[in-house]
Amino acid sequence: SSGSCTQDGSCITSPNYPANYGDGQSCSIMVGASAAPIYVESFRTNYFLDILKLDGREYSEHSSPHGIVPREGLIEWSSDSSGTSSGWRMCLGAPPGKDFP
């Protein structure tokens with residue numbers, strides 16, 4: 001992995017989460033192919049400006065990778081310089097006590 005995102009066990013967060021991430025931040029984390037779908041606990045980004053990529057597909061604002069099963073498992077994050085939000089937290093598989101809707 002590289003950059004300012006944080007990995008805690010099977011969960012990953014944007015920089016400073018749950019506080020706002022900064023302008024011009026980026027990271028990449030290889031989670032690898034998985035049989036477990038991604039469980040998104042929170043996803044707040046600036047629309048089309050701050051982008052999370054998973055296996056080459058882009059997600060921002062209201063579009064998150066919830067329920068997606070990673071094929072290659074490369075997660076890339078980048079924020080521009082036009083404002084920030086609270087960011088995101090997601091896990092491989094549902095955390096204990098949670099289930100997929």
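This is a predicted model: local features need pLDDT of at least 70, side-chain atom pairs count only at pLDDT 80 or more; totals for chains, interfaces and linings use all residues.
Me: What makes a residue count as being in contact with Gln 25, and which residues are these once its neighbours within four places in sequence are left aside?
Reply: Contact means that heavy atoms lie within 4.5 Å. By that criterion, Gln 25 touches Ser 4, Pro 15, Asn 16, Trp 77, Ser 78 and Ser 79. Gln 25 itself belongs to the loop between strand 3 and strand 4.

Me: Why is Gln 25 called buried?
Reply: A residue is buried under 20% relative accessible area, exposed over 50% and partly exposed in between, with a 1.4 Å probe and protein chains only. Gln 25 has 19%, and therefore counts as buried. Of the 101 residues of the protein chain, 42% are classed as buried.

Me: What makes Asn 16 and Glu 61 partly exposed?
Reply: The relative accessibility of Asn 16 is 47%, so Asn 16 counts as partly exposed. Glu 61, at 25%, therefore falls in the partly exposed class as well.

Me: Which value of omega accompanies the cis peptide bond from Tyr 17 to Pro 18?
Reply: Omega is near 10 degrees for this cis bond. Pro 18 lies in the loop between strand 3 (11-13) and strand 4 (26-30).

Me: How do you know that Arg 89 and Glu 41 form a salt bridge?
Reply: A salt bridge requires a side-chain nitrogen of Lys or Arg within 4 Å of a carboxyl oxygen of Asp or Glu. The distance from N to O for Arg 89 and Glu 41 is 3.0 Å, and their side chains meet in a salt bridge. The pair joins distant parts of the chain, with Arg 89 in strand 9 (residues 87-92) and Glu 41 in strand 5 (residues 38-44), 48 residues apart. A search of the whole structure finds 1 salt bridge. Glu 41 has 32% relative accessibility, and therefore counts as partly exposed.

Me: How many helices and strands does the protein chain have, and what makes a run count as one?
Reply: Helices (H or I, at least four residues) and strands (E, at least two) are DSSP runs, numbered from the N terminus. The protein chain has 0 helices and 9 strands.

Me: Why is the protein chain called as compact as a globular protein of its length?
Reply: The radius of gyration, taken over C-alpha atoms, is set against the globule rule, which is 2.2 Å times the number of residues to the power 0.38. The protein chain has a value of 12 Å, close to the 13 Å that the rule gives for 101 residues, so it is as compact as a globular protein of that length.

How values were computed: Residues are numbered from 1 along each chain as its sequence is written. Side-chain values use heavy atoms; hydrogens and water are left out.
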